[in-house]
Amino acid sequence: LLKSEECSKNHVEELGVRLTIEQAVRKLPEEIRETAVLYFFQELKQREIAELLHIKLSLVKYRIGRAKELLMKELEVKN
């Protein structure tokens, strides 16, 4: 019974974290959000993203870096 309660608590906490991250991602500017979703959630390589979006690899790298910055700021505020 204790393990079941502990698992439920962990599941609820995990869902809360996921929801917080999802909300933060939604606040990103569209182009940065699109690149971030492809990189972090779809797990595409940077070169694949560049080809898919028809943009330069350097722009993909910039957008991923910017997404990290913005997400860290947003998630720090919530914590």
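My numbering starts from 1 along each chain as its sequence is written, and side-chain values use heavy atoms, with hydrogens and water left out. I am working with a predicted model, where local features need pLDDT of at least 70 and side-chain atom pairs count only at pLDDT 80 or more, while totals for chains, interfaces and linings use all residues.

Is T35 buried or exposed? I noted that T35 counts as buried because its relative accessibility is 0% (buried is under 20% relative accessible area, exposed over 50%, partly exposed in between, with a 1.4 Å probe and protein chains only). Of the 79 residues in the chain, 20% are buried.

Next I placed T35 in helix α2, residues 30-41. The chain has four helices and zero strands (DSSP runs numbered from the N terminus: helices are H or I, at least four residues; strands are E, at least two).

Then I turned to the neighbour α3, residues 46-53: its axis and that of α2 come within 10 Å and cross at roughly 135 degrees (axes are lines fitted to C-alpha atoms, for helices over the stretch in contact, and angles run from 0 to 180 degrees between N-to-C directions). That makes α2 oblique to α3 (under 35 degrees is roughly parallel, over 145 roughly antiparallel, 65 to 115 roughly perpendicular, the rest oblique).

Finally, I listed who meets whom: E34, T35, L38 and Y39 in α2 meet Q46, I49, L52 and L53 in α3.

Technical notes:
Contact = heavy atoms within 4.5 Å.
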